[in-house]
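Biologist: Please take a close look at one part for me: the place where the two chains meet. Start from there, then set it in its surroundings.

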Amino acid sequence: MLDDVDLTCEAGEIHALVGENGAGKSTLAAIAAGEIAADAGTIERSGRIGLVHQHFALIDRLRVWENVVLGHEPQRGGTIDRGAACAFVRELGERYGLEVDPEAVVETLPVGIRQRVELLRELARDPGILILDEPTAALSPSEVERLFGTIALLTQRGVGVLVITHKLDEVFAHARRVTVLRRGRVVEERPISATTREQVARAMIGGEIPAIPEREPTHGAIAVRVSGLAVPGAIENLSLQIAAGEILGIAGVEGNGQSALADALAGLTAYRGTIERPHSIGVIPQDRLLEAVIPNWSLLENVMLGRERATSAKASWRIDRAAARAQCAAIVERFDVRAASIDATLSTLSGGNQQKLVVGRALVDNPAFVIAYNPTRGIDIGATATVHTELLAARNRGAAILLISFELDELFALSDRILVMTRGALRGEFSERRFDREAIGRLMVSA
Amino acid sequence: MNRESAKALAIGTLGVAAAMSLAMVASHVSPIVGFNAFFYGAFGGKQEIAETLASTTALLFPALGIAIAFRAGLFNIGAEGQLLIGGLLAGWIGTRIDVPPAIAIAAIFLAGAIGGALWGAIAGWLKAARDANEVISTLMLNFIAASLALYLVTGPLRAPDAAGPELSLLPHAYWLPTLLSHTRATIALPIALLAAFALRYVLDSTWFGYRLRAAGEAPEAARRAGISLPRVALWAMAWSGALAGMGGAALVAGELHRFNTQLSPGYGFIAIAVALVGGLEPLTICIAALAFGALESGGLALQAAAAVPKDAIHVIEGLLVFALAARRYLGARGAGAR
């Protein structure tokens, strides 16, 4: 996994650790934080090393304060001093700009707030070094700004912060040094002032960044027509249309009804109003591990999921293994999924390769309508380029595509038209690829 | 047999052997004498082998049924009740029809399957329509099944020739042919083995099996892929009950030759252990059923020859399940902490 890696993070600096998925970043973080053991080598540290996981390690059923003080609870006469714990959480939150209601139950909180809880839990242990694993993967632009504000406060207090990311914008905006990891080895380590984005990107993927295909002019008829859509508690009276050969981007902060919209269109939730859409549909779900794949199964069995018709024998109740194998091999080939074999267990693949399989499965049957929900969340540059290429290719083929993303860069790169979603309603329409980043950002946070 | 289930089987065998040695030493019996008695009781002669095979059969049907439910993520602990209702319907049909023996035996097994399926489907329907926890509903349905069977055989279905809570004797022609003459080993065993192979085929090569495994392994991903979780719950429980019910039919037509409410001394519960030791894989479950069948018949001999109480064997079986469940849980945690 890792081979002879040297990494130094100094007190009070922001150090970016970048690399493609599967390069070994998370493994390195876990070793540094003492969660797993290294086969060889040493770790010297001044003070504790705290780790904020990409997939949060919180106890969802417990309250915020319980999560934060777990393991070092303030005591009073043999019982936990709840008042002191809550006060501690509030005080710590104010100091670092991480305000959270200490009494809230974690599972009721949105992702951005959960991350604050995870940060608070680590800060409560007074770390000398804090490692953040893909901290901005699920945050809105304003939340990202806020997070880096907190990180700046930490560095002023002498905490060294190691940020694991693949977003080079963030690296160049905030970090002082950058270390590039590729296939378990350090391939570059420099001050930010002595390198460029292109240089870092090339070091990450070990070659040139693949080009995204041309956007061919398409003039399709309306393929998807939604009117008066309402999903209780999430969406009221929403209407939209998507033409064949069009990518409609939905911008917005997480938790504004995007999930309900995607589920209603995919036929997974009850709704009022009318939805007219093609029968053939490909879905790239938001949460890969929970919603899209069965991690303990092979690539082969995962590719069959939801594609019974395409992999049935003559008798429709029987699986055509040979056809499934051929299709799986074709997906692996066309979507550049890197795996030992199609019989390998899916969880042994890196996130980017898993996602390429999910995208391949959604697109391989040439659906007339595609729902892509954060299709590149948490995956690396190479895999992102593959996913973007394939989505554009599907568009050029004439598919109507609904792209829901929390990343404006992704929406700008792919969309023909962008709508902003807040509180279950769509506002603003930016068409003919005339996108105004500021205007969209303002609409995203408007009440 | 995959590596995981082979490992479970090996650990189980060693654990049982160690625990049995302890039980023997605790009863002041030399393990050499004890194991000698045990193995003689299980495999020592035609009669002993037949007893082992009969127990194997009685455990194999419900264990296969339990595996279906468990693979679908449903903890069916109601095999005992499903077996009883299956046996009741089989025993009733057997006294009501007048057809050639081969057809009668087929009808008896079919009736057992239908009875068990209906009983299992109740819990499946409650899960599908009302999201009722199947652990509770299947457990409670065991008690309802026992009371219902007792009521029916002492009330509406009361047989004139009955000496206890039982139905009339089946016509002699409908008794299952034996594999070894004058023993309890009948053609129910090959039927159970056939069912195991069929189940393996269904799980591996049909969409029904695929959906069932997907729903058990990752319900949210399965639901999003268009698999109806309620439908899987209903059918998995029905098929699970059907196999347990066939076990009841085999006991009725093969051993007692009539339905009796005391049909099963807890086969439906021991079968949970058999299914888990077999790693929920049909073919490995056959081996596990043989091991538990040997424990049943050998344990009886051990009690007779060496005065080691048969309950000790049941304690050992319980410990084995406990250990396997703990290992599964600890294994899952280990993987999660990665």
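Modeller: Two residues are in contact here if their C-beta atoms, placed from the backbone, lie within 7 Å. The model is a predicted one. On that basis, chain B brings 13 residues to the contact and chain A brings 16. On the side of chain B that touches chain A, the elements giving two or more residues are helix H8 (207-217) and helix H9 (219-224) of chain B. H8(B) supplies the largest share of that side, 5 residues. By kind, the side of chain B that touches chain A holds 7 nonpolar, 3 polar and 3 charged residues.

Now H8(B) itself. This helix is mostly covered, with 8 of its 11 residues buried. Gly209(B), Tyr210(B), Arg211(B) and Leu212(B) are among the buried ones. What do they pack against? From chain A, the buried residues of H8(B) meet helix H10 (299-304). From chain B, they meet helix H3 (46-71), helix H7 (188-205), H9 and helix H10 (229-256).

Leu212(B) is touched by Ala236(B). Not counting residues up to four places away in sequence, Ala236(B) also touches Ile68(B), Ala69(B), Ala72(B), Leu74(B) and Gly124(B). Ala236(B) belongs to the largest nonpolar core, which has 189 residues. Within that core, Ala236(B) is one of those that touch the most other members, a group including Ile401(A), Ala63(B) and Val274(B). H10(B) gives the most to this core, 17 residues. Another core lies apart from it, with 50 residues, among them Cys9(A), Val117(A), Leu162(A) and Val180(A).

Next, a sheet in chain A. Its 6 strands form an open sheet in the order S2-S5-S6-S1-S7-S8, with mixed pairing. Strand S2 (48-52) and strand S8 (185-191) of chain A each have a single partner strand, so one side of each is left without a neighbour in the sheet. Neighbouring strands are turned against each other by 20 degrees on average, direction ignored. Strand S1 (residues 14-18) and strand S7 (residues 177-182) of chain A run parallel, joined by 4 bridges. Ala16(A) has Val178(A) in S7(A) as its bridge partner.

Helix H4 (residues 111-123) of chain A lies across S2 and S5 of chain A, at about 170 degrees to S2(A).

How values were computed. Residues are numbered from 1 along each chain as its sequence is written. Chains are lettered from A and ligands numbered from 1 in the order in which they are written. This is a predicted model: local features need pLDDT of at least 70, side-chain atom pairs count only at pLDDT 80 or more; totals for chains, interfaces and linings use all residues. Two strands pair if DSSP finds at least two bridges between them. Axes are lines fitted to C-alpha atoms, for helices over the stretch in contact, and angles run from 0 to 180 degrees between N-to-C directions. Ala, Val, Leu, Ile, Met, Phe, Trp, Tyr, Cys and Pro count as nonpolar, Asp, Glu, Lys and Arg as charged, and the others, Gly among them, as polar. A residue is buried if 20 or more other C-beta atoms lie within 10 Å of its own, exposed if 12 or fewer, and partly exposed in between; C-beta atoms are placed from the backbone. A nonpolar core is a set of buried Ala, Val, Leu, Ile, Met, Phe, Trp, Tyr and Cys residues joined through C-beta atoms within 7 Å.
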